[in-house]
Amino acid sequence: MFTIEHDFDATVITLVDDPAPHRQDDVIVNAFEECVTVEQHNSHSDRVQKITLSHAQIRDLAAALNLPEGVYRLKPQKR
């Protein structure tokens with residue numbers, strides 16, 4: 001399950017892990033104009049862990065989810 005919210009300066013996507021024996025904490029994706037952050041609360045340390053990705057890294061990640069093992073370089077997008 002997931003939710004999508006449009007805030008003033010970001011689109012916020014929250015990924016909720018379906019109930020399971022090894023359920024993970026929710027993941028929050030914040031898409032800003034200049035970058036994307038991914039956050040997850042760590043219940044063991046009671047801290048939020050956050051990584052920041054460029055939009056190019058997000059494009060590469062999306063492409064990698066559908067490709068076989070290997071090394072790739074995406075062609076730059078034309079605007």
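A residue is called buried when its relative accessible area is under 20%, exposed when the value is over 50%, and partly exposed in between. Keep those cut-offs in mind. The model is a predicted one.

Start with Asp26. Its relative accessible area is 31%, so Asp26 is partly exposed. Arg23 has 42% relative accessibility, so Arg23 counts as partly exposed too. Side chains of opposite charge can pair when their charged atoms come close. Here, the side chains of Arg23 and Asp26 form a salt bridge, with 3.7 Å from N to O. How many salt bridges does the count come to? The count is one.

Now look at a residue that touches both partners. Val16 sits in the loop between β2, residues 11-15, and β3. Leaving out residues up to four places away in sequence, Val16 touches Arg23, Asp26 and Met1. Val16 also gives a lesson in folding distance along the chain. Val16 and Phe2 are 14 residues apart in sequence. In space, their C-alpha atoms are 5.6 Å apart.

Move on to strand β4, which spans residues 36-42. Asn42 lies in this strand. Is Asn42 buried or exposed? Its relative accessibility is 19%, and the cut-off for buried is under 20%, so Asn42 counts as buried. Which residues does Asn42 touch, beyond those up to four places away in sequence? They are Asp25, Arg47 and Gln49.

Next comes the loop between β3, residues 27-31, and β4. Glu34 lies in this loop. With a relative accessible area of 59%, Glu34 is over the 50% cut-off and therefore exposed. Glu34 also belongs to a negative surface patch.

Finish at helix α1, which covers residues 55-64. His55 lies in this helix. Its relative accessible area is 29%, so His55 is partly exposed. Again leaving out residues up to four places away in sequence, His55 touches Phe32, Glu33, Glu34, Cys35 and Val36. Compare His55 with another residue, Gln40. The two are 15 residues apart in sequence and 19 Å apart in space, C-alpha to C-alpha.

Terms used:
Residues are numbered from 1 along each chain as its sequence is written. This is a predicted model: local features need pLDDT of at least 70, side-chain atom pairs count only at pLDDT 80 or more; totals for chains, interfaces and linings use all residues. Side-chain values use heavy atoms; hydrogens and water are left out. Patches are made of residues with over 30% relative accessible area and no salt bridge: like charges are joined within 9 Å, nonpolar side chains (Val, Leu, Ile, Met, Phe, Trp, Tyr) within 5 Å. Accessible areas come from the Shrake-Rupley method with a 1.4 Å probe; for residues, only the protein chains shown count as cover. A salt bridge is a side-chain nitrogen of Lys or Arg within 4 Å of a carboxyl oxygen of Asp or Glu. Lys and Arg count as positive and Asp and Glu as negative; His and the chain ends are not counted. The place of a charge is taken as NZ of Lys, CZ of Arg, CG of Asp or CD of Glu. Helices (H or I, at least four residues) and strands (E, at least two) are DSSP runs, numbered from the N terminus. Buried means under 20% relative accessible area, exposed over 50%, partly exposed in between (1.4 Å probe, protein chains only). Contact means heavy atoms within 4.5 Å.
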